[in-house]
Amino acid sequence: MSNDDRAGEFGPIYLPALQRIRNLWLELEPFVEATSYDDIVAPTELQISLSDGLGDAESARLDIQWSELGMYSFHYVDSDDVNWRFDRHPNTHSPGIHFHPPPEATTTDAEPSCIEVTEVSLVTRAVHAMWRAAYENDHVDQLNSVSNPP
């Protein structure tokens, strides 16, 4: 997600939240191949690499941001260049909590998110549950389809 996608304050990155998200993905998902931060000294993004992706994708990555204000972005991209995103941030294009559907996850295609919870562990579990459902059923339409997961 670019900063052009945001219309208000996102806030500073909250490292303890990124650490919690990392630990949960390691606990929940056997396809986690590696985790890293974009900057070891002053991280702004957690990157989770997966050894498989949706559909025919052979690999995938989640780029995750979480701010001290509780704003977030879970951005998925895979080896087939499919993108989607669950976001919570001020903007002019959609509700504050929204979903950018695949395949491009464009700003203009944002729709209300099925994720209504805002606590870091619950949001993480919800994003994982949506990814897992889409993966197991080989259907990306399930990414934003459950009533208030997890």
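Ground rules. Residues are numbered from 1 along each chain as its sequence is written, and side-chain values use heavy atoms, with hydrogens and water left out. Because the model is predicted, local features need pLDDT of at least 70 and side-chain atom pairs count only at pLDDT 80 or more, while totals for chains, interfaces and linings use all residues.

Start with the sheet. It is open, has 7 strands, and runs in the order β1-β2-β3-β4-β5-β6-β7 with antiparallel pairing. Strands here are DSSP E runs of at least two residues, helices are H or I runs of at least four, and both are numbered from the N terminus. Two strands pair if DSSP finds at least two bridges between them. β1 (32-37) and β7 (111-112) stand at the edges. Each has a single partner strand, so one side of each lacks a neighbour in the sheet. β6, residues 97-100, pairs with β7 over 2 bridges, in the antiparallel sense. F99 stands opposite E111 in β7.

Now the helices. α2 packs on the sheet and touches β2, β3, β4 and β5. Its direction makes about 25 degrees with that of β4. α1 lies across β1, β2, β3 and β4, at about 170 degrees to β1. On method: axes are lines fitted to C-alpha atoms, for helices over the stretch in contact, and angles run from 0 to 180 degrees between N-to-C directions. Contact means heavy atoms within 4.5 Å.

How far apart are the end C-alpha atoms of α2? They are 26 Å apart. The expected span is 1.5 Å times one less than the number of residues. At the start of α2, a side-chain oxygen of E119 comes to within 3.0 Å of the backbone nitrogen of S121. After α2 comes D138, with a positive phi near 50 degrees.

Several α2 residues are buried, including V123, V127, M130 and W131. Buried means under 20% relative accessible area, exposed over 50%, and partly exposed in between, with a 1.4 Å probe and protein chains only. The cover over the buried residues of α2 includes α1 (15-28), β2 (46-50), β3 (60-66), β4 (72-78) and β5 (83-88).

Next, the core. The largest nonpolar core has 30 residues. Such a core is a set of buried Ala, Val, Leu, Ile, Met, Phe, Trp, Tyr and Cys residues joined through side-chain atoms within 4.5 Å. I21, W25, W66, F74, W84, F86 and I115 touch the most other members. α1, β2, β3, β4, β5 and α2 each supply at least two residues. α2 gives the most, with 7. Beyond four places in sequence, F86 touches residues including F74, F99, I115, V127 and M130.

D56 sits in the loop between β2 and β3. D56 is exposed, at 71%. Y14 lies in the segment before α1. Y14 is partly exposed, at 39%. Leaving aside neighbours within four places, Y14 contacts W66, S67 and E68.

Terms used: Polar contact = N/O pair within 3.5 Å; in protein donor to acceptor, adjacent residues only side chain to side chain.
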